[in-house]
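Let's take a walk through a protein chain together. Have a look at the picture first, and then we'll go through some of its details.

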Amino acid sequence: MDLTPEEQRILAGENGEAARIAMAVLVDLGTVFGAERLIPVAQVHIDTTLYMVDAGVEFAERMAAAGGRFCVPASLNPAAVDLLHPERMRVPADLLENSRRLERAYLSMGAAPTWTCAPYQQGLIPRFGQQIAWAESNAIVFANSVIGARTNRYGDLMDICAAIVGKAPCFGLHLGPQRQADLVIDAAALPHSLRRDPAAYPLLGYVTGELAGDRIPAIVGIPADVPVRALKAFGAAAASSGAVGLFHMIGVTPEAGSLEMCTGGQKMEEIHVVTAEDLAEAAARLSDPDLRRPDLIVVGCPHYSYAEMTTLAGLLDGRRVHPDVACWAFTSRAVYGWMAESGLLRTLTDTGVTVFTDACPLQYPKSAWSFTAALSDSAKFANYCFSQTGLPSAIASLPECVETAVTGRHAPERSIWKRF
Ligand code: F3S
């Protein structure tokens, strides 16, 4: 790689040991991917925030102790626990302590305590065309696709290095020609009412991810006024069933005013028509067929926005959550603060919903809870729930999740997928 004189000095250790390590990692990564240079990034989103193994904690602490300081704004993905209300989550002492160690290390290096997988909802929001280095798959695909910022799918530890140096290797999705679509997903065959229903988008995203893998899909047939929460759910699902880092929705996302615009005028050879049956089959693949009485309802994967919390409260409409069911809603501490101030938090908690901040529902301490099955409106959660927690799960629309929370019964035979 061609390094500037300043980059060479950092690599030689003139800016300290942490910057030297970070620069060495970035140069190695760039070399592997054929990058010719580093580019400045405007901000970084750090994914190495969930305590899983000691290595993550030790790397963050080592960089902090070696003088590491973030030279660009850096936001933080969820912790393994609700750092504001650990008692509500019944968090084991060692998990909390390791999460606190990560918290201390990141804050000492200058991170913003966002603790959210949806950093695009508040605070550090990039703009169109801006070069950034984000980790966390749903955030990456949202930033690239919905905002039009530019980031590769960066991973754990590399994100810390990018924040310390303020640069990333210039390859892949940082480059305009690498952002062109590889295949077309044709959603025009879906019934119009389904294309207008936010519940369709986690499943459409899930199918898209399966078809696209790590390639860039262009999706046609989506209404121009599709809500942001649908785009968010679509991207999160596509990034979990596949490795989608960027999608184009024609007439919706900023680099896709037309199909030609995001294909560079190339004729697309691979076109997949998606039908309502495809979405129904995806829902079946994501659902335990025997699940009738889930005792855990999870929403907020990715973290709910204030608007999504408002929708949840509206659907509950003052009804109480069934006594045999826990209804958990996850969000950032920023949104939580707004909810507390506005009274929305009280409205929800009065119905029996528990609102968690900072945390990821896939990391809840299983030993402290005796759940038998979970229901969620998130395809990402349903995709990972059994493999990561051992808990059988199913996906349903948000209105269906709310009805199940209130009645204690899940009725998949009355699911919206049976209507098409
Ligand atoms: Fe966020 Fe955890 Fe879901 S990090 S996207 S809540 S799996």
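In which strand is the place of P302? P302 sits in strand β10, residues 296-304 (strands are DSSP runs of E, at least two residues, and helices are runs of H or I, at least four, numbered from the N terminus). A cis peptide bond links C301 to P302, with omega at about -5 degrees.

Before going on, some ground rules: this is a predicted model, where local features need pLDDT of at least 70, side-chain atom pairs count only at pLDDT 80 or more, and totals for chains, interfaces and linings use all residues. Residues are numbered from 1 along each chain as its sequence is written, and side-chain values use heavy atoms, leaving out hydrogens and water.

Now for the whole chain: you'll find 16 helices and 14 strands in its secondary structure. Its C-alpha trace spans about 65 × 55 × 35 Å along the principal axes. Of the 420 residues, 57% are buried (buried is under 20% relative accessible area, exposed is over 50%, and partly exposed is in between, using a 1.4 Å probe and protein chains only).

Two residues have a positive phi although neither is a glycine. Here they are:

| Residue | Phi | Loop between |
|---|---|---|
| R90 | about 55 degrees | β3 (74-76) and α4 (93-109) |
| E136 | about 85 degrees | β4 (133-134) and α5 (137-147) |

R90 counts as partly exposed because its relative accessibility is 45%. E136 has 10%, so it counts as buried.
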